[in-house]
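Here are my notes for you to read with the model open beside them. Take the points one at a time and find each residue as you go.

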Amino acid sequence: MDRNQVKKWLESPAKMGHKYSLWAVYFCTGCGIIEVPPVITSRWDAERFGVLPAPSPRHANLFLITGYVSVKTLKAIINTYELMPEPKYTVGFGSCPINGGMYWDSYNTIKHLDKYIPVDGWIAGCMPRPEAIFIAVTHLWTLIDKGMAKGYIKYRENYERYRENQEKALGRLEWPPLFPVKDENE
Amino acid sequence: MVTTIKVLEIIASPLVALIIGILFLGLFRKMMARIQWRYGPPLIQPVIDLVRLFSQRGFSHGAIFDMGIIISLAGTLVLILFIPIGGMCPLESTGGLLVILYVMLFAPIGIALSGGGGVNPNISIGISRKLILTLSYEVPFIFIILALMSYYRSISIVEIVNAQAHFRWSLFSPLFLSGVAYFMILPAMLGIRPFDIAGAPQEISSGAYVEYGGKYLAFAKIEHALALFIIIALFVNLFLGGGNLLTFLLKMLAVFVTGVFIHAVFPRFRIEQATKYLWFWPTIISFISLIFIQLIRWQNG
């Protein structure tokens, strides 16, 4: 630990805790997950930054969306995102979650992930190198430090709009709303 | 004056256990990283994780879910007061080994109660595995404790520690076989590989801990750190002769490092393989040792 970070630790320990202990969800959406095993094992060792794969979404606070998002996966992604305790951060990995990538005219994938859940940062490329995950993590540190990584607050505030979009893509949702929604019949 | 010292000891021994336990968790991750040729996290990474987990919002699944984890943590904290930590034993005159045998079951039962509140199927699998594993290692453990108690003719753990002063350790006495058996069940008691079946992260998403988020997981981690301390401390007290605070901690470190090496090289057992192993070699060895001790006692009158 740096000596000049001691003041930051004393000022807001929670924020520093969130920075240096990012536990990622084990969730493979697409081909991008192939870059994650080298990142967490001996070659690129993400644990030295405190990044660790968590066995359950309840333990985690970082959600990596690795690769294209099919409509069926979107359901699982929304479920997993809502299971994670706040504060939580989402990073889109690869060009597919950004704008559809090479699946831009597919009948079965969604094109813009941030219509459905809030995304704090993107890693562009097809495929991004494993080092890009570290660059993303250090950028996320800066965002957390400045208080700009507040996707989860955005989700809470604009939940109605997000849920509307989710229903548009998936049809009727089987689970009750996470936050209170105004009834349409009123 | 004696009362003041006792009160200070009651405050100090859980604190020592907490600090050493959390330090061991950090050392565990660092050593595993170095064995795998990685750089590894900083030594205080468990503290950072705890700070993060305490500041997160946890989910509750009802009153039993909340109470179970508190029972488990409280049972572990009470257990520490019965264990001599380098000559510091706050509740030395009560019960001794028998109390330790009973109170050791509090932590798994608390976690099992807590899991009853959650609805995740992984919880029930994890709890059933944990209880089967406990049942498996308690059998040789009872034999070991009986052999110790009949050899030293005492149920007080402090007397057993004092009898081993000046390098007359139980490990190098007629109790040698019991010590070997205890070392064989030590990984099962610590829950490390090859016996990490109860909390297998890749198989059943960490078992009973799967629904814990935020401060619940933080309490579970603290409980884990304390349990790690207790089991190693018990081995050091019973077989390696305790000692003052410094030698005690050094002996604990030696046992712990051996445990990490075992964790690093072995794969995971299935539950029936674990039970088969624990009810075969350690049970036979500890039973032979128990009979041997009884024969010695009978010969000496």
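1. Let's begin inside chain B. The buried residues of helix α5 of chain B are B:A107, B:G110, B:I111, B:A112, B:S114 and B:G115. Here "buried" means that 20 or more other C-beta atoms, placed from the backbone, lie within 10 Å of a residue's own; "exposed" means 12 or fewer, and "partly exposed" is in between. Helices (H or I, at least four residues) and strands (E, at least two) are DSSP runs, numbered from the N terminus. What covers these buried residues includes α3 (63–81), α6 (121–152) and α10 (215–239) of chain B.

2. A word on reading the model: it is predicted, so local features need pLDDT of at least 70 and side-chain atom pairs count only at pLDDT 80 or more, while totals for chains, interfaces and linings use all residues. Residues are numbered from 1 along each chain as its sequence is written, and chains are lettered from A and ligands numbered from 1 in the order in which they are written.

3. How far apart are the end C-alpha atoms of helix α5 (residues 106–117) of chain B? They are 17 Å apart, which agrees with the 16 Å that its 12 residues should span at 1.5 Å a residue. The expected span is 1.5 Å times one less than the number of residues.

4. Now look at where the chains touch. The contact takes 27 residues from chain B and 19 residues from chain A; two residues are in contact if their C-beta atoms, placed from the backbone, lie within 7 Å. On the side of chain B that touches chain A, helix α2 (residues 45–54) of chain B gives the most, with five residues.

5. Next, the largest nonpolar core. A nonpolar core is a set of buried Ala, Val, Leu, Ile, Met, Phe, Trp, Tyr and Cys residues joined through C-beta atoms within 7 Å. Of the 82 residues in the largest one, B:I230 and B:F235 touch the most other members. Helix α10 of chain B gives the most to this core, with 20 residues. Leaving out residues up to four places away in sequence, B:F235 touches B:Y182, B:L186, B:L240 and B:V255.

6. Is B:R297 buried or exposed? B:R297 is exposed, because 12 other C-beta atoms lie within 10 Å. You will find B:R297 in helix α12 (residues 271–300) of chain B.

7. Finally, chain A has eight helices and five strands. Buried residues make up 40% of its 186 residues.
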